[in-house]
Every structure is written in C-alpha cells, then in structure tokens.
Protein chains: 2
Amino acid sequence: MSDRRLIRAIGVLESCFKEKFGTPRQPQLVPASRARLRIKPQFIPEQSLKGLSEFSHVWLLPYFHLNTNKAFVSTIHPPRLKGKTMGVFASRSPHRPSPIGLSLARLLRVEGDTLYFSEIDLVDGTPILDLKPYIPAYDSVPEASPGWTARAGARELAVEFSPEAREQARRHELEDLVSQVLRQDLRNPRDASQMRDGKPLACMLGDFDVRYEVREGTARVLEIVPAPEEHAQKRRVPVPGELE
Amino acid sequence: MSDRRLIRAIGVLESCFKEKFGTPRQPQLVPASRARLRIKPQFIPEQSLKGLSEFSHVWLLPYFHLNTNKAFVSTIHPPRLKGKTMGVFASRSPHRPSPIGLSLARLLRVEGDTLYFSEIDLVDGTPILDLKPYIPAYDSVPEASPGWTARAGARELAVEFSPEAREQARRHELEDLVSQVLRQDLRNPRDASQMRDGKPLACMLGDFDVRYEVREGTARVLEIVPAPEEHAQKRRVPVPGELE
C-alpha cells in the first residue's frame with residue numbers, strides 16, 4: 001500500500017511553538033525560534049541529507065494538520081488588512097484545498113538524521129512532507145511585486161516584563177523568544193474579547209506558559225511558568241494516519 | 001470521501017513543454033516559455049483568486065505525476081556535477097518521498113478562472129496542488145548560501161538553425177523558445193548514446209516536434225514540424241485519480 005500513497009511525512013517537526021496561538025505568521029520575525037526535524041529511518045538520512053549542510057536556508061513543506069475546515073473557504077481576512085478580504089490563493093493562509101505550506105527556515109546544523117533550525121513559523125507536531133534546499137539563483141526575486149502585502153500595516157506592540165517575569169525569562173533564556181513573539185501582536189483583530197485591554201492571554205513556548213496582557217499597545221508579561229504536561233497534550237491534535 | 005482527501009489538484013497545467021525531454025530544470029532559463037492554469041470551478045476562482053493579479057510571481061506546487069519510481073532513491077546525480085552524488089533532500093529532483101515540487105513562475109495575467117504564466121519549468125499535464133503568491137519579504141534571501149549549486153558548471157550549447165528550420169521557427173514564432181530550450185543542453189551526461197555527436201534528438205514544444213543534433217558544443221536545429229496527435233498522446237501519462 002505504501003507505494004500507492006501520494007504523499008508521506010518524512011518526519012514530524014519539534015518546535016518551540018506548542019500551539020497555534022503564539023506561532024508567528026512568517027518565519028523571519030522570530031530569529032530566537034528553534035525547531036528540529038528527525039528524518040525517518042526509511043528515508044535513509046545518512047544518504048538523503050548528503051550535501052544539505054552546505055545550504056544556509058531550506059524550504060519546509062508542512063502539512064497543515066491543525067486545519068479543521070469542513071468545506072472549502074475561498075476568501076480570507078488577513079489580520080493586517082483591517083477586515084478586507086483576499087482570495088485564499090492570493091494569501092499564504094493555511095486554509096487551502098491542499099493543506100500544504102511553504103516555510104523558509106534557517107538551517108543551523110545537521111547532526112546525523114536530525115536537522116536544527118531557527119527562524120521558523122511552524123507549530124510543534126507539524127508533519128513535514130518534504131525538505132528542499134533554498135537556491136538563491138532560483139528562489140530569490142527581490143524585485144517581485146509584493147501585491148497587497150505592501151499595503152498591510154505591521155501591528156507591532158511594545159513588550160515589557162513584570163519584575164517576576166523578567167527574572168523567570170532570564171533564568172530560562174526566554175527573553176528574546178518571548179519579546180519577538182509578543183511584539184507581533186498575536187491577537188485576532190476580529191475577536192473583540194481578545195482585543196479588550198487587560199484580557200488575560202497566554203501562549204505556550206517551549207515547556208513554559210507565558211501569561212501576559214495587552215494595554216494601550218504594550219504587551220506586559222506577567223509570569224512565565226512551567227506548563228503542566230496535560231496542558232501540552234490537550235493542545236495537540238493527532239497527525240493523520242495516512243501520513244505516517 | 002472528498003473531505004478525507006489529503007491533497008487535491010486545483011487544476012492541471014497546460015504548458016508549452018509537452019514531454020520531460022525539453023522541460024527546463026529551472027524556470028528562469030526560458031523566459032519565452034508559456035503556460036496556463038484553469039482553476040477548477042469547485043475552488044470558486046472568482047473569489048479565491050481575488051488580489052492575486054497584483055503579484056508578479058507565484059509559487060506553483062506541482063504533483064510530479066511522471067515519476068515512476070517504485071522505491072525510495074536516496075541520492076541523485078545532478079547533471080551539472082559530473083557524476084558526483086547528492087542527497088535527494090539537498091536537491092530539487094522530482095524523485096522525492098512526497099512527489100511535490102516547488103516552482104516559481106512569472107504571472108503574466110489573470111483572466112477569469114485562468115492564470116497565464118511565463119518562466120516555467122513544468123511539463124504539460126502536471127496537476128497543480130496549490131498556488132501561493134511570492135512575497136519578497138518572506139521568500140527572497142539573496143545572501144543565502146547556494147551550497148553545491150555554486151560549484152555546478154552550466155553546460156551551455158551554442159544554438160544554430162538550418163535555413164529550413166530558421167524559416168519554420170520564424171513562421172511559428174518559436175525562435176526564442178527553441179533557442180532558450182536547446183541552449184541548456186537537454187542531454188543526460190550519463191547516457192553515452194545521447195551524448196554522441198550527431199545523434200538525432202527531438203523534443204516537443206507547443207504543437208511542434210523540434211528535431212536537432214549536437215556536434216562539438218553546438219545544437220543545430222534541423223527541422224520544426226507539426227507533431228502528429230498520436231505522438232503527443234503517446235507521451236502523456238494519466239494523472240492519479242486521487243487528485244481529480
């Protein structure tokens with residue numbers, strides 16, 4: 001049966017982003033992000049990865065396993081476009097007929113069957129369908145027209161820490177990661193309750209729950225506490241069996 | 001059943017490249033290439049394409065339907081590396097565990113449900129799984145390390161036409177396309193019979209068979225003749241039913 005499969009996961013990404021909320025919408029925004037990918041033994045990593053470590057960047061083709069769409073949705077509301085709609089094919093939204101992403105990651109190193117990345121925008125547990133080298137002669141077109149994204153405002157927040165959270169962030173070496181993640185404003189502008197000043201918010205980064213609130217354009221980190229194991233498990237969604 | 005499908009074709013590409021032989025290995029080499037993609041009605045093109053025409057470049061995610069691999073092959077021989085091997089994940093080879101490509105195309109225009117492209121490297125009949133805008137802020141990294149591709153020699157041929165072929169190329173407006181395609185040297189350096197000087201070669205471009213030979217680094221086009229319909233059909237491979 002395996003020969004009949006159209007697509008297969010070559011591995012499952014282990015990422016510092018443990019849930020959708022907190023996962024960046026594009027990779028370069030969070031240089032402190034970290035992930036690793038172990039290539040499954042049946043894809044003979046000692047041969048199939050030969051030559052890859054010379055590249056600084058790689059394309060990951062993730063399967064968007066957290067999508068729960070029952071039907072095709074033809075338009076999306078980019079969070080940065082203040083309610084305007086765009087066609088799904090004019091966007092990088094995960095909600096697509098073939099739920100396959102395209103994510104550029106910086107390749108830090110290759111150790112045996114495992115690849116280590118930074119600058120990622122994928123959630124923990126994402127099945128990876130393919131891995132390709134970034135070849136600037138093919139892939140880099142700085143003069144390409146950016147379409148509507150040129151008009152999309154970057155909603156940035158200031159980030160500050162309570163004295164307690166600052167100490168916790170330092171102890172666990174999470175200052176850069178937390179700052180880079182919260183700066184982007186994770187909230188959905190179409191969710192009025194989320195947008196309310198002082199609303200308690202939290203995201204799971206690495207093994208920690210980061211609790212914070214937003215007031216007048218500033219995200220204030222209140223505390224950074226170890227996440228209970230059942231918390232992490234509750235947020236996971238199983239990978240489709242067909243990809244295993 | 002359709003909700004259970006992991007991936008679906010949003011359309012099938014109609015390309016000027018009618019067979020593997022003659023299809024470029026990277027897109028920018030053949031600016032005269034042309035292709036079009038009609039988005040299937042169930043993906044509501046009048047909505048899902050909204051905003052796309054503002055972008056100059058798009059990513060196509062093709063399904064490599066011509067692959068006939070029975071088992072996983074972990075290394076490849078890049079034609080430009082003179083027999084050296086590279087891991088399949090350090091290459092853009094179509095022979096991958098998930099036979100999904102990544103192809104950048106220039107978007108010429110959008111007309112209703114149909115997209116028109118140039119600078120393509122995909123063969124006619126390729127199922128397209130997804131279409132994404134090229135966003136230079138995410139996708140363009142000119143300083144990325146090109147890995148082994150920096151050491152790969154570009155084997156270029158001179159191209160000349162017989163008087164008869166010159167006249168045929170002019171009449172059918174094929175001079176640029178034929179020149180750009182043959183310049184790259186389509187032959188497989190590991191195929192001694194193909195590499196023999198004077199070996200009769202042919203590729204199908206648009207509705208024409210282009211017959212040529214290579215001698216001492218020069219490709220000489222001998223004639224450009226309408227391809228018989230049965231010729232075109234014989235070279236086609238059916239698309240997997242699961243993608244329809």
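Tutor: A residue counts here as buried when 20 or more other C-beta atoms lie within 10 Å of its own, as exposed when there are 12 or fewer, and as partly exposed in between, with the C-beta atoms placed from the backbone. The model is predicted, and local features need pLDDT of at least 70, side-chain atom pairs count only at pLDDT 80 or more, and totals for chains, interfaces and linings use all residues. Residues are numbered from 1 along each chain as its sequence is written, while chains are lettered from A and ligands numbered from 1 in the order in which they are written.

Student: Why is G51(B) called buried?

Tutor: G51(B) has 24 C-beta neighbours inside 10 Å, and the definition asks for 20 or more, so the residue counts as buried. It sits in the loop between α1 (45-48) and β3 (57-62) of chain B, where helices (H or I, at least four residues) and strands (E, at least two) are DSSP runs numbered from the N terminus.

Student: What is G51(B) in contact with, leaving aside its neighbours within four places in sequence?

Tutor: Contact is taken to be C-beta atoms, placed from the backbone, within 7 Å, and by that criterion G51(B) is in contact with M86(A), G87(A), A90(A), G147(A) and W148(A). Within chain B, G51(B) and P133(B) are 82 residues apart in sequence, yet 9.7 Å apart in space, C-alpha to C-alpha.

Student: Which residues of α3(B) are buried, and why are they placed on the same side of the helix?

Tutor: In helix α3 of chain B, residues 163-171, the buried ones are A165(B), Q168(B) and A169(B). The arc is that of the directions from the helix axis to the C-beta atoms, and these residues cover only 100° of it, which puts them on the same side of α3(B). The face turned away from that buried side carries P163(B), R170(B) and R171(B), which are exposed. As for their partners, the buried residues of α3(B) pack against β9 (158-161), α4 (175-183) and β12 (218-226) of chain B, and just after the helix E173(B) takes a positive phi of about 55°.

Student: What makes one face of α3(A) the buried one?

Tutor: A165(A), Q168(A) and A169(A) are buried in α3 (163-171) of chain A. Seen down the helix axis, they fall within an arc of 100°, so they line one face of α3(A), and on the other side P163(A), R170(A) and R171(A) are exposed.

Student: Which residues of α4(A) are buried, and what do they pack against?

Tutor: L177(A), V178(A), V181(A) and L182(A) are the buried residues of α4(A); they cover an arc of only 110° around the axis, which puts them on the same side of the helix. Their packing partners are β9, α3, β10 (201-205), β11 (208-215) and β12 of chain A. D185(A) follows α4(A), with a positive phi near 60°.

Student: Why do the copies meet through the same surface, and how many residues are in contact?

Tutor: Of the interface residues of chain A, 100% are also interface residues in chain B, so the copies meet through the same surface. There, 60 residues of chain A are in contact with 60 residues of chain B. The elements giving two or more residues to the chain A side include α1 (45-48), β3 (57-62) and α2 (136-139) of chain A, and β8(A) gives the most, with five residues.

Student: How many residues on that side of chain A are nonpolar, polar and charged?

Tutor: Ala, Val, Leu, Ile, Met, Phe, Trp, Tyr, Cys and Pro count as nonpolar, Asp, Glu, Lys and Arg as charged, and the others, Gly among them, as polar. On that basis, the side of chain A that touches chain B has 33 nonpolar, 16 polar and 11 charged residues.

Technical notes. Contact = placed C-beta atoms within 7 Å.
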